[in-house]
Amino acid sequence: MPFVDLPERRLRVYYVINPHWPYSSPSELKFGVVPECKPLDPTKECLFLMHPSSSSSAVFSEQFGDPRFQNFNMIAVDARHAGWTTGEKIENYSLEEAADDIIAAIDQLDIPTYSVLGEGFFGANVVAWIAIKRPEKVRALILVSPGWPEELDPDGMFKEMHSRFIVPALSNKGGKGDGSGRIPQECLEICAEYFFAKHDRNFERIAGWVTALQSRYGPGHDGHELLTIVNWFLRKAIPEELRAAITVPTLILASDEDQTYPLESARAWQASFTGVPGGADMQIIKSAPHLILFTSSSVANRIVLSFLKRFLQPELEATRFPERPKSLLEIFPPAVPPKSRTFA
């Protein structure tokens, strides 16, 4: 398996570049299976993807396998406390520290420039920090289902998740309960509800995601990693002046039926990117749960690809979509151009 060794950080980071799984059925578990990888193509743009918390790089299998991304190098890593990455346990591990770990790994991979995409509050915060700390490298920024920059009631959210999830999740660890280390089924269902609510879209993939959660954090693992993930509900927002310093093209992708975080949370991110020329773009997918790229990959991939082509590959976009006559809205634009669009 491919790893980046970071001894100064006491960390070994698993990564994939242009991965391909030896099967195509979305119902099969891609978690826990090592994909075949291809080297970077220096003639192509690079897109780096950062997974949500309690997940791994395999969550992006429907992006890696989409032929519409064939003109991009697709890159992802497993963060500390996720997937196959291994490293020292750190108390009070912050999202900025997580970003620093990922930046160190990307730097060692020696990728000249890249766009960054992060899903969930973990992925979104990490790639935003990357855009802030590597402005000379990052060409575009994409946040998917980013949640609030910081929780509206962090203490309340932490207490709720600690009592509903952490306490029962650790009930079989450390010699307690049946001693198996397994996470009880009701805890897994709570976690699935957080990410997918009551949506039954791609039920088999969701079931596979739950199985992977048990495999990664159940038997053989203590509760430190789960506690770290829940502690992130106490996160502080990235300072406003740092978010305002981001100037690259920025897309925020959200759902109108995300029962975990309302659209207002994504709009809070959008409003903070005051340094982006023309403002950050926001696209809304209808009737999708929290993890859009996992459950609504076809339409989400189309939006992401269109955004990247518009800003990074204008010659390719022009080839596929010939110039058309201008509409009246383009000739006579409104005083405040609309920045949000909705997709069914």
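1. pLDDT is the predictor's confidence in each residue, from 0 to 100. This is a predicted model. The protein chain averages a pLDDT of 87, and 86% of the residues score at least 70.

2. Two stretches need care. Residues 25–29 have a pLDDT below 50. Beyond near neighbours in sequence, that stretch makes eight contacts in the model. Residues 315–338 also fall below 50. For residues 315–338, too, the model has eight contacts beyond near neighbours in sequence. Where pLDDT is low, the predicted coordinates should not be read in detail.

3. Now the aromatics. The structure holds twelve aromatic pairs. One of them joins Phe121 and Phe233, with 5.5 Å centre to centre and 55° between the planes. The geometry of this pair is tilted. Phe121 sits in helix α3 (residues 120–133) and Phe233 in the loop between α7 (224–231) and α8 (240–244), so the contact ties together parts 112 residues apart in sequence. Phe121 and Phe233 are buried.

4. Phe233 has a further partner, Tyr194. The ring centres are 6.0 Å apart and the planes stand at 80°, so the pair of Tyr194 and Phe233 is edge-to-face. Tyr194 belongs to helix α5 (residues 185–196) and Phe233 to the α7–α8 loop, so this pair links parts 39 residues apart in sequence. Tyr194 is buried, as is Phe233.

5. Take these rings as a group. One aromatic cluster is formed by Phe121, Tyr194, Phe195, Phe233 and Tyr261.

6. Arg235 lies over the face of Phe121, at 4.1 Å from the ring centre. Arg216 lies over the face of Tyr217, at 5.0 Å from the ring centre.

Technical notes
Residues numbered from 1 in each chain as written. Predicted model: local features only at pLDDT ≥ 70, side-chain atom pairs only at ≥ 80, totals over all residues. Heavy atoms only, no water. Contact = heavy atoms within 4.5 Å. Phe/Tyr/Trp six-rings, centres within 6.5 Å; stacked < 30°, edge-to-face > 60°. Helix = DSSP H or I, 4+ residues; strand = E, 2+ residues; numbered from the N terminus. Buried < 20%, exposed > 50% of the residue type's maximum accessible area, 1.4 Å probe, protein only. Lys NZ or Arg CZ within 6 Å of the ring centre and 35° of its normal.
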